[in-house]
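This report sets out selected local features of one protein model. Please read it alongside the sequence and the coordinates.

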Amino acid sequence: MTMRNDGLPGQVLHFCRRWDMLPAGGLLLCAVSGGRDSMALLHLLSRLAKEEGFQIAAAHFNHHLRSAADRDETFVRDWCVQRGITLAAGAGDVRDLARREGLSLEDAARRMRYEFLENAARELNAVRIATAHHREDNAETLLLHLIRGAGMQGLGGIAPVRGKIVRPLLQTGRGDIEQYISENHILFVEDETNQDTTFTRNRLRLEVLPQLEAMAPGASKRIAAAAELLREENEHLRREAEALLPGAEDGAVILPVPVLNQQDAVLRRRLVRGMGRKLGAELTSEQTKAVLSLKSGGYLDLPESLCAVRRPHQLILKKQPLSLPPLALREGTQVWGPWTITLERHTAPVESASDRVVLRDAGGALSAAAWDGTGRLAVENGSRTIKRLFADAGIPIERRGEHPAVLLEETPVAILGVAVDWKLRPETGEACLTVIFRRSEEGRTP
């Protein structure tokens, strides 16, 4: 049967061509739950496959959340067998994942489902994965993100294409899908949890959107259109920011301050978030604001072991070295993260150097540790906080993690390359301990 150029089939075909969803000569994997939307999509793609020159396969994931879950899997399996469609079937313990990861059942199910789809696509060598999200799903997603306080990216709703994932029905209304189901006598199964309004998305679909439609007929269509517009504008701004951003090198992104200052507030925020993404972190609006508020010399800890540093002419986001647990020192050589530490016994005087700490042997347990931001050391005329000693030595905040502390009975008595407690400086002829720190090139902080 030849595909008509009018009605739902023609509309979907036009949308698929616009977004290059149909892999000519390749395999498209259709995600199928057994419900009306996914069965309509599988039926429609099966028809399109013959005329557009691609292959079709189906994938069904059993979440084991409902008593009817096995029935749904059997239904999809039988439907595919009758039509000679390859089916990839999978299952998982969604409740267990939700419990272990602290996720809602919805989020855990989504994560497991998409992981299964990606794996199935690799095994079958599928070029695309099609899901049955439609126009009302997009409107629901925008509203859901809106009430959660999302920005422009979240308000863009569901993207037509995301990696291998394509959504051929994204501009198709639920009413059109139901009509297609009726006209083509397509069987499907009902998911009874779709009527459970304890789920936020169900409540939006069953209660909120109908009220919006009653107040303003066509509301869902206009909301979905707004999402598409926001997606396009968001993508434009993303490209604008990306063109200004340098790449990440040695775990750091360095942006010239003049480039930052030449932009308006919108692009400045995007530049900072883009810097974070290049280093694997998604910064919140508050974190982004805090980075932008840094003055020259400012420093800020960020998630994913990142920090932000503001210098007169640079804004830097960089990976921080992981904080190592304290290491009890013994005579000889030990490895501590990127450091090789050697403890030797001598008689003073011992030649000083930037890679070692020399202490009078006062007894007691010595250890190496990352400086925790606290402590004081005795100096010639009293004492100073270690923070002040770092500042006096001209060592910027972001590089202080490169200077380990030496502790005596868990109290700081020296900071490598900065200072040694005056009370523990050895006199000529006294027994002393030399702690030598050598760092591998791979462990150096950028």
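The model is predicted, with local features requiring pLDDT of at least 70, side-chain atom pairs counted only at pLDDT 80 or more, and totals for chains, interfaces and linings using all residues. Residues are numbered from 1 along each chain as its sequence is written, and side-chain values use heavy atoms, with hydrogens and water left out. Helices (H or I, at least four residues) and strands (E, at least two) are DSSP runs numbered from the N terminus.

## Helix packing

Two packed helices are described by the angle between their axes and the distance between the axes. Axes are lines fitted to C-alpha atoms, for helices over the stretch in contact, and angles run from 0 to 180 degrees between N-to-C directions.

Helix H9 (residues 200-215) packs against helix H10 (residues 219-244) at an angle of about 105°, with the axes 8 Å apart. H9 is therefore roughly perpendicular to H10, a term for angles of 65 to 115 degrees. Leu209, Leu212 and Glu213 of H9 make the contact with Ala219, Ser220, Lys221 and Ile223 of H10, where contact means heavy atoms within 4.5 Å. Four of these residues are nonpolar, one is polar and two are charged. In this classification Ala, Val, Leu, Ile, Met, Phe, Trp, Tyr, Cys and Pro count as nonpolar, Asp, Glu, Lys and Arg as charged, and the others, Gly among them, as polar.

The axes of helix H12 (residues 265-278) and helix H13 (residues 285-292) come within 10 Å and cross at roughly 105°. H12 and H13 are therefore roughly perpendicular to each other. On H12 the contact involves Arg268, Arg269, Val272 and Arg273, and on H13 it involves Thr288, Val291 and Leu292. The residues of this contact of H12 with H13 comprise three nonpolar, one polar and three charged.

## Helix H4

Helix H4 spans residues 94-101, and its residues Val94, Leu97 and Ala98 are buried; buried means under 20% relative accessible area, exposed over 50%, and partly exposed in between (1.4 Å probe, protein chains only). The buried residues of H4 pack against helix H5 (105-124).

At the start of H4, a side-chain oxygen of Asp93 comes to within 3.4 Å of the backbone nitrogen of Arg95. After H4 comes Gly102, which has a positive phi, near 65°.

## Backbone features in loops

Asp20 lies in the loop between helix H1 (7-18) and strand S1 (27-31). His64 belongs to the loop between strand S2 (55-62) and helix H3 (69-83), and is partly exposed, with a relative accessible area of 45%.

A cis peptide bond leads from Ala348 to Pro349, with omega near 10°. Pro349 is placed in the loop between strand S13 (339-347) and strand S14 (356-360).

| Residue | Relative accessible area | Class |
|---|---|---|
| Ala126 | 4% | buried |
| Gly247 | 44% | partly exposed |
| Thr288 | 1% | buried |

Ala126 is located in the loop between H5 and strand S4 (128-130). Its C-alpha atom is separated by 6.1 Å from that of Leu29, 97 residues apart along the chain. Not counting residues up to four places away in sequence, Ala126 touches Leu27, Leu29, Ala121 and Lys164.

Gly247 occupies the loop between H10 and strand S7 (252-256). The C-alpha atoms of Gly247 and Leu279 are separated by 9.6 Å, the two residues being 32 residues apart along the chain. With neighbours within four places in sequence left aside, Gly247 is in contact with Ala252, Val253 and Lys278.

Thr288 is part of helix H13. The side chain of Thr288 reaches the backbone oxygen of Thr284 at 2.8 Å. Residues up to four places away in sequence apart, Thr288 touches Arg269, Val272, Arg273 and Leu283.

Key:
Angles under 35 degrees count as roughly parallel, over 145 as roughly antiparallel, 65 to 115 as roughly perpendicular and the rest as oblique. A polar contact is a pair of N or O atoms within 3.5 Å; within protein, one must be able to donate a hydrogen and the other to accept it, and residues adjacent in sequence count only if both atoms are side-chain atoms.
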